[in-house]
Amino acid sequence: MAWRTGQNPNCGSNIPRRGWIGRPHGNLTSRQEDIVLSKSVLALAFSLPLSLSLFVTEAIAAQAASSGPPADGKLEQIIPGHYVYSTGARISGIIATSEGVVVLDSLSNEAMARHERQLIAETIRQPVRYLISGTHHGNYAYGNVAYQDAIRIGHENYKTDLLAEMKMNNMPTAQQAAILPHLTFRDRMTITLGGKGIQVLYIGRGHTRGNAIVFVPQDRIVYLSELFFDKRFPFMADGYADWIGTIDNALKLDADIFVPGQGPSSIASNPRMSREALVKARQVLVDYRDAVQREVARGATEDQAVAAVLLPQYRDMVGYYEQRPVVVRRMYQGLKGTRP
Ligand SMILES: [Zn+2]
């Protein structure tokens with residue numbers, strides 16, 4: 001599709017394209033609707049070949065040191081037991097329990113992921129047991145290489161699309177294996193850790209077709225990864241008009257705090273305002289959908305819709321100028337049914 005030319009599906013990151021060859025990964029995949037992970041599965045993850053881990057780690061270290069955004073994020077508490085690691089733009093969720101930590105999104109590269117893990121080790125002082133990936137985009141998943149000692153989890157579509165992206169980048173097989181999930185799910189998965197029920201949920205298409213979210217009912221907090229762009233214009237290069245209904249599904253969860261995956265966000269300093277912030281993020285999508293719908297109704301072509309639907313009230317949002325045409329095109333294609 002011509003309109004994708006120049007668009008970076010990795011949400012503004014600078015993931016280098018490299019000349020590597022890869023093939024599919026053979027890790028365990030479960031298609032059960034509800035999975036409770038046991039300690040035996042945990043032990044499996046900890047028995048991963050150390051030699052492979054070190055090989056991959058060293059191979060990526062040089063790349064991470066020479067490319068990508070700097071690892072200068074900070075770790076902040078939202079409420080007791082819940083934290084974010086934020087670079088100002090990208091936000092990784094952190095759930096701390098008495099038996100270990102669950103991380104949502106490894107972010108862009110090994111250096112960034114290791115910096116987050118260093119801060120977790122210094123502040124929370126618990127090992128990371130699970131890494132859940134909310135999106136297959138490299139700027140949220142390529143840091144997975146720093147989680148060789150944790151169980152990596154993602155949605156079925158996340159794994160499919162991540163594998164396709166890594167193959168497109170000609171990434172070597174060993175590196176693909178270090179990034180791909182050990183476990184996938186379709187609808188939901190429950191992790192019990194330190195007496196805490198941690199639900200990994202799929203609530204519909206949005207920023208991609210494989211976004212996972214994490215809900216901790218007992219603490220009334222939900223981590224939305226890249227389904228929630230807080231004060232940032234939505235990136236829709238791989239997105240769907242269904243995103244609006246998916247946010248509606250999130251808002252129906254019995255939660256008070258909605259943690260974004262994209263900022264700038266005041267989630268750590270003002271978590272009680274996060275529902276309102278999510279409603280605002282939803283409204284951006286609604287306004288574009290409705291404006292595009294009016295263009296479709298009057299017979300506009302896709303290019304005419306791009307020219308007509310500006311909504312300048314959003315032009316001060318980060319990403320407006322680059323991403324507005326993408327959002328209009330995705331909405332147009334969704335409303336016309338020209339995109340599966
Ligand atoms: Zn993304």
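A: A crossing is called left-handed if the near helix is turned anticlockwise from the far one by less than a right angle, and right-handed if it is turned clockwise. Please note that this is a predicted model.

Q: Which hand does the crossing of helix 7 and helix 8 have?
A: The crossing of helix 7 and helix 8 is left-handed. Helix 7 contributes W243, I244, I247, A250 and L251 to the contact, and helix 8 contributes L278, R282, L285, V286 and R289.

Q: And at what angle do helix 7 and helix 8 pack?
A: Helix 7 (residues 243-251) packs against helix 8 at about 155 degrees, and their axes are 9 Å apart. Helix 7 is therefore roughly antiparallel to helix 8, since angles over 145 degrees count as such.

Q: How does helix 8 pack with helix 10?
A: The angle between helix 8 and helix 10 (residues 320-336) is about 60 degrees, with the axes 9 Å apart. That makes helix 8 oblique to helix 10. Their crossing is right-handed. On helix 8, the contact residues are Y288, R289, V292, Q293 and V296; on helix 10, they are V327, V328, M331, Y332, L335 and K336.

Q: Turning to the core, which residues touch the most other members of the largest nonpolar core?
A: I213 and V222 do, in a core of 87 residues. Helix 8 (residues 274-297) gives the most to this core, with 7 residues.

Q: What does V222 touch?
A: Leaving aside residues up to four places away in sequence, V222 touches I213, V214, F215, A250, L253, A255, F258 and V259.

Q: In what sense do strand 9 and strand 10 pair?
A: Strand 9 (residues 196-201) and strand 10 (residues 213-216) pair in the antiparallel sense over 3 bridges. Within that pair, Q199 has F215 of strand 10 as its bridge partner.

Q: Is strand 3 largely enclosed or largely open?
A: Strand 3 (residues 91-97) is largely enclosed by the rest of the structure, because 6 of its 7 residues are buried.

Q: How many bridges does strand 3 have with strand 2?
A: There are 5 bridges between strand 2 (residues 82-86) and strand 3, in the antiparallel sense.

Q: Lastly, how many residues of strand 6 are buried?
A: In strand 6 (residues 151-155), 5 of 5 residues are buried. Strand 6 runs parallel to strand 5 (residues 128-132), joined by 3 bridges, and Y130 has I151 as its bridge partner. Strand 6 also runs parallel to strand 7 (residues 183-185), again with 3 bridges; there H155 stands opposite F185.

Conventions: Residues are numbered from 1 along each chain as its sequence is written. This is a predicted model: local features need pLDDT of at least 70, side-chain atom pairs count only at pLDDT 80 or more; totals for chains, interfaces and linings use all residues. A nonpolar core is a set of buried Ala, Val, Leu, Ile, Met, Phe, Trp, Tyr and Cys residues joined through C-beta atoms within 7 Å. A residue is buried if 20 or more other C-beta atoms lie within 10 Å of its own, exposed if 12 or fewer, and partly exposed in between; C-beta atoms are placed from the backbone. Helices (H or I, at least four residues) and strands (E, at least two) are DSSP runs, numbered from the N terminus. Two residues are in contact if their C-beta atoms, placed from the backbone, lie within 7 Å. Two strands pair if DSSP finds at least two bridges between them. Axes are lines fitted to C-alpha atoms, for helices over the stretch in contact, and angles run from 0 to 180 degrees between N-to-C directions. Angles under 35 degrees count as roughly parallel, over 145 as roughly antiparallel, 65 to 115 as roughly perpendicular and the rest as oblique.
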